[in-house]
Structures are given as structure tokens and as C-alpha cells.
Amino acid sequence: MVDELTQKLPLVKFDVVAITVNTPNAQHVYRMAARYRELGAWVVLGGPHVTLLQEEAMQYGDTIFIGEAEETWPQFLQDFLLGQPNPTYRCDKAPSLKGLPIPRRDLISGHLFTKGAVFASRGCPHHCNYCSLKKIYCPQFRTRPVEEVVTDVSAIAGKFFVFWDDNFFADVAYTKELLKAIRPLHKRWAAQVTAHSCLDDELLSLAAQAGCLYLFLGLESFSSQGLVDANKVFNPIGRYKEIVDKIHLHGICVQAGVVFGFDSDQTQVFQDTLEFCEDLGLDGVTPSILTPFPGTDIYHQYAQEGRLLPVDWSYFNGKTRVAFRPKGMTPEELLQGYNLFRREFYSLSSIARRLAKSRTNLLYNSIVNIGYWSALV
Ligand code: B12
Ligand code: SF4
């Protein structure tokens, strides 16, 4: 088990090399796959990019996995041991999330992000048009049995972990039950949720009692038209302030996701967004550049309109490059505006203004914000 964020790849001969491919790292993975094939390994590719672009991935792997692999991976291992692996394994029906093995976290080296990752559910009931989730998972939203999630969380050695569910509050009744069950474990955690579910005071109170440190809210845009562009009209812009205040009242920090580059965004969007974020007293923002991942509605729309730039997959990282021609500005203006927003939002003056409003977990919050500031100066 190798995580390239923290480890170097050992370039020696293995029997099987299995790699997850996301769009921004696809070219890199294909290069690594070629090297391992030269060394004599059977290379297996799976993950979002493979599921989205099967024919492309087939050129680089000996076997590819399409979709979820809980049931197809054991089948592959059996076939491989018999010397008859198939070129393709496809998930045709949604695998159950019951009885999943507890991850061997002892095999993970170094990185806290992955050592403390837990999932309670899979999928999301919404259909935002820039999100590839509906294309990479079977359509049904599913949850794991509460007691199995408790066992999984208990197995984490450290105090902190992240629920990496795409929408942790998607099934409110299930989440409430789970929160009550993890409360006695006395851990601290974070999760990604949709803003409107945070109008539920009982849910927030249970989250706080169960050790929630911060919630990641996909606010995405402060313009109604921006949310129409994103097919995310369930985000109640008019109630953002009420929602953020409620979360803070429960002693939980708010990290917001914001996306720049929607069709209605003009260059003024960066300054406007900064003012909104400061006004809300947001503890943190993860800004992204809109990215038309293959398989998404916006990918098809921009392809039809001739707005995809002739660039390779490394441009699809949402952080340092632009992969399409926005409507209301040039690609260069989008990248510059995004960078300006990051610098301004994590400037010392903005940090001071925001934390004075938030007054939540001030020690933790100051350390995180100063960390961002020092990374940018
Ligand atoms: C956790 C996470 C992160 C974490 C990763 C932490 C870590 N070190 O693991 C962080 C925050 C760092 C991150 C970063 C990014 N992420 Co991310 N992330 C996720 C998230 C929420 C969960 C992934 C996960 O672990 N799932 C749990 C595992 C068990 O399931 P799975 O990955 O879906 O895999 C299943 C199948 O795909 C298959 N499978 C997967 N890999 C393989 C490999 C083999 C060999 C086999 C057989 C099967 C197989 O089997 C699994 C079980 O069924 C997903 C959303 C999602 N739900 O998938 C987005 C997601 C993967 N991320 C995405 C993106 C865009 C990014 C970023 C570009 C964001 C950004 N702008 O910075 C970066 C890029 C990182 C990179 N270099 O690739 C997109 C990818 C889209 C795409 N086309 O590639 C996703 C799908 C989100 C989305 N809604 O679109 N991410
Ligand atoms: S709410 Fe989040 S996870 Fe769900 S479809 Fe929209 S962007 Fe994807």
C-alpha cells in the first residue's frame, strides 16, 4: 500500500499492481502503469477516471475495474490465481455496504488524512451538474450499519478523523442514530454536508455532542444565478447567515466550499465572494476553479459549445489550472481572480475579521488559518 503523497513508489517487480485513477493524476498513473508493466507486473486500474473513460484506461492497464469494486475485486483475485484474469470487471448492481472489512490502517504510512478516513454512506441524492458522483457510483444512496461504523471508528488509533462521505447529512434519521452511537467514543471529527440540512437544530446538537470539530459546507456560490448554473438551487442563499450562526452556536467551525467560473460569474465575483465570506465569519474556505470532469453535465455542455480547452488531464485539478473557456471572463482572469481570492481570504486582516465574528474553537481555528496564510506568503 503506497500513498504517493508521502511515499516513493518502489520500482521493483510485483505480481499485481493496483492503482486508483482520478482525472488530474491520470497521465501520471498511465506513465507509472507502463513502468510496472515493463517490470513484469499485471497492472489493474480502477477509480473515477477509469469508470468515466473506460476505453482510454484500457490502453494502459491489463485489467480495468468499472464502478464499485467490493464484489468484483474478490472475483478478480480468484481469476488471477487461476491464471485467467479478465480484461474488464464491471459492477452491475450496487454492492451492499454491510460487512465491509475494517481498513488495515497500519498499512498506511504517514498521512493523517488517510489514517483517519471513515465512510458511513455512499453516494448523494442530489444532481449538481459539475459533480461526477452519479457517473462513478451506482445510483442508489446507501448507508452502512451503524454498529459497523462504530467498530470502524473505534479502530482508529488517534483522536481525530474525517467522515469522507459525500453528504454526511443526506439521511438525517440515519445520521442522528449514528451520532448517538459514536458519542461515547470521545473522538473529534469533521464531515462534508449540505447547507440546508444544518437548519435542523437537533442534528447540529447531536453532532456537537458526538465531537464534531468542523463541517464542510458546499456553499459554492453567493449568487442565485450561479446556483442555477450549478443545478444546486437547494442551497438557501438567503439563509446562509442563519445557518453559519447556528453551526457556530453549537461550537462547530464552518469550512465552506466555493467554486468560481460558473456561466454567470463576471470578474466582480471574486471581490463579492470575499465580502460575503467575511460577513458570514467563515472559519475557512476551500475555493476551487470550476472543472468540467468527464461524464458531468457541464463537460457535455462545454464540449458541445466548443469551450473545452485543448489541454491534458493535469489541467483538471480545480486548483492551479483552468480546463475550459468561462463565459464571463477569460481563463487567465479566472485563475488570477481565484488566486487573488485565496490571498485576500487568508490575509492576516481577513483572518482577524473573520475569527472575531466566528469566535468558535479559536485556538484550533487560528492555527489552521495561520497555516494557510504562511503557505501563501
Ligand atoms: C476523500 C477524497 C479526497 C481526499 C483524498 C484523501 C486521500 N488521501 O485518500 C482529498 C481531499 C485529498 C481529495 C483531493 C482531491 N479530490 Co477527491 N474525493 C474524495 C472522495 C470524497 C472520497 C474518495 C474515497 O476514498 N472513497 C472511498 C473508496 C472506498 O471508494 P472509491 O474511491 O469510490 O473507490 C471505489 C471504486 O471507485 C473502486 N476503485 C477505486 N480505486 C480503485 C482502484 C482499483 C485498482 C480497483 C480495483 C478499484 C478501485 O473501488 C472502490 C470501492 O467500490 C471522492 C468522492 C467519492 N465519493 O468518491 C472525491 C473525488 C475522488 N475527488 C475528486 C477530486 C476532483 C479531487 C481533487 C481534484 C479536488 C481538488 N480540486 O483538489 C483532488 C485531487 C486529488 C488527486 N491528486 O487525485 C473527484 C474525482 C473526479 C474525477 N473525475 O477524478 C471525486 C470523485 C469527487 C467528485 N464528487 O467529483 N479527495
Ligand atoms: S451535493 Fe455535493 S456530492 Fe451531492 S451531487 Fe452536489 S456536489 Fe455532488
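This is a predicted model: local features need pLDDT of at least 70, side-chain atom pairs count only at pLDDT 80 or more; totals for chains, interfaces and linings use all residues.
Let's begin with ligand 1. Its shell holds 32 residues, and the closest are T20, E70, Y137, D166 and N317. Sorted by class, that shell has 16 nonpolar, eleven polar and five charged residues. Where do they come from in the fold? Four elements each give at least two residues to the shell: the strands β1 (16-20) and β2 (42-46), and the helices α2 (48-52) and α6 (133-136). Of the contributions, the largest is that of β1, with three residues.

Now zoom in on the polar atoms. T20 has a side-chain N or O atom 2.8 Å from a nitrogen atom of ligand 1. For N22, a side-chain N or O atom sits 3.0 Å from an oxygen atom of the ligand. E70 also faces an oxygen atom of ligand 1, with a polar side-chain atom at 2.7 Å.

Ligand 2 comes next. Around it you'll find C124, H126, C128, Y130, C131, L133, D166, T194 and K232. By class, this makes five nonpolar, two polar and two charged residues.

Moving on to F65, we are in strand β3 (residues 63-66). Is this residue buried or exposed? With a relative accessibility of 4%, F65 is buried, because the cut-off for that is under 20%. Beyond its neighbours within four places in sequence, F65 is in contact with V44, L45, G46, G47, V50, T51, T72, W73, F76 and Y89. For a sense of scale, take A352, which is 287 residues away along the chain: its C-alpha atom and that of F65 are 48 Å apart.

Which residues of α12 are buried? They are V269, F270, T273, L274, C277, E278 and L280. Looking down the axis of α12, you'd see these buried residues within an arc of 160 degrees, which means that they line one face of the helix. The general rule behind such patterns is that an α-helix has 3.6 residues a turn, so residues three or four places apart point the same way. What does the buried set pack against? The partners are the strands β10 (212-220), β11 (253-260) and β12 (284-289), along with the helices α11 (240-249), α14 (331-345) and α15 (348-358). Just past the end of α12, G281 has a positive phi of about 70 degrees.

That brings us to backbone angles. Most residues other than glycine have a negative phi. As for accessibility, R359 is exposed at 66% relative accessible area, while N361, at 26%, counts as partly exposed.

How values were computed: Residues are numbered from 1 along each chain as its sequence is written. Chains are lettered from A and ligands numbered from 1 in the order in which they are written. Side-chain values use heavy atoms; hydrogens and water are left out. Buried means under 20% relative accessible area, exposed over 50%, partly exposed in between (1.4 Å probe, protein chains only). The arc is that of the directions from the helix axis to the C-beta atoms. Contact means heavy atoms within 4.5 Å. A residue is near a molecule or strand if one of its heavy atoms lies within 4 Å of it. A polar contact is a pair of N or O atoms within 3.5 Å; within protein, one must be able to donate a hydrogen and the other to accept it, and residues adjacent in sequence count only if both atoms are side-chain atoms. Ala, Val, Leu, Ile, Met, Phe, Trp, Tyr, Cys and Pro count as nonpolar, Asp, Glu, Lys and Arg as charged, and the others, Gly among them, as polar.
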